[in-house]
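Subject: Structure handover

Hello,

Here is the structure I promised to pass on. Please open it first, then read my notes below.

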Amino acid sequence: MNNRIQELRQQRGWSQADLAAHLKVSRQTVNALERGRYDPSLPLAFSIARLFGRAIEEIFQPEQG
């Protein structure tokens, strides 16, 4: 799954650790999310969308093909 987490995080001037603290997850989880190595649970996806004030579809897009 593709996502815009890194872009949105950087727009706020946050480190991965900052975002992790806001989401109550580890920095490693944020890193894995940004690199596309981990797809978030639905509750985590909603938390991310809420934090950035975006719809889930604006942040996460399924991979094509």
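Are E34 and R9 buried or exposed? Both E34 and R9 are buried. Buried means under 20% relative accessible area, exposed means over 50%, and partly exposed is in between (1.4 Å probe, protein chains only).

First, the ground rules. This is a predicted model, in which local features need pLDDT of at least 70, side-chain atom pairs count only at pLDDT 80 or more, and totals for chains, interfaces and linings use all residues. Residues are numbered from 1 along each chain as its sequence is written, and side-chain values use heavy atoms, with hydrogens and water left out.

**Salt bridges**

The structure has three salt bridges. The term means a side-chain nitrogen of Lys or Arg within 4 Å of a carboxyl oxygen of Asp or Glu.

E34 and R9 form one of them, at 2.5 Å from N to O. This pair links distant parts of the chain. E34 sits in helix α3 and R9 in helix α1, 25 residues apart. Helices (H or I, at least four residues) and strands (E, at least two) are DSSP runs, numbered from the N terminus.

R4 and E7 also meet through their side chains, at 2.9 Å from N to O. R4 is partly exposed, at 21% relative accessibility. E7 is partly exposed too, at 36%.

R54 and E58 make a salt bridge at 3.8 Å, N to O. R54 has a relative accessible area of 28% and is partly exposed. E58 is partly exposed at 37%.

**Helix α4**

Helix α4 covers residues 42–52. Its buried residues are L44, A45, I48, A49 and F52. They span an arc of only 135 degrees around the axis, so they lie on the same side of α4. The arc is taken over the directions from the helix axis to the C-beta atoms. The general rule is that an α-helix has 3.6 residues a turn, so residues three or four places apart point the same way.

L42, P43 and R50 are exposed, on the other side of α4. What do the buried residues of α4 pack against? They pack against α1 (5–11), α2 (16–23), α3 (27–34), α5 (56–59) and β2 (60–61). Contact here means heavy atoms within 4.5 Å. After α4 comes G53, with a positive phi near 65 degrees.

**The core**

A nonpolar core is a set of buried Ala, Val, Leu, Ile, Met, Phe, Trp, Tyr and Cys residues joined through side-chain atoms within 4.5 Å. The largest one has 15 residues. Within this core, I5, L19, I48, F52, I59 and F60 touch the most other members. α1, α2, α3 and α4 each supply at least two residues of this core. α4 gives the most, with five residues.

F52 deserves a look. Leaving aside neighbours within four places in sequence, F52 touches L8, R9, R12, W14, L19 and I59.

L8 is in helix α1. L8 is buried, at 3% relative accessible area. Not counting residues up to four places away in sequence, L8 touches F52, R54 and I59. L8 and I59 are 51 residues apart along the chain, yet 8.6 Å separates their C-alpha atoms.

**α2 against α3**

At what angle do α2 and α3 pack? The angle is about 105 degrees, and the axes are 8 Å apart. Axes are lines fitted to C-alpha atoms, for helices over the stretch in contact, and angles run from 0 to 180 degrees between N-to-C directions. The two helices, α2 and α3, are therefore roughly perpendicular. Angles of 65 to 115 degrees count as roughly perpendicular, under 35 as roughly parallel, over 145 as roughly antiparallel and the rest as oblique. From α2, the contact uses Q16, A17, L19 and A20. From α3, R27, V30, N31 and E34 take part.

N31 lies in helix α3. N31 is buried, with a relative accessible area of 16%. Leaving aside neighbours within four places in sequence, N31 is in contact with Q16 and R37.

**The loop between α2 and α3**

K24 lies in this loop. K24 is exposed, at 76% relative accessible area. K24 is not a glycine, but its phi is positive, about 60 degrees. In general, most residues other than glycine have a negative phi.

Best wishes
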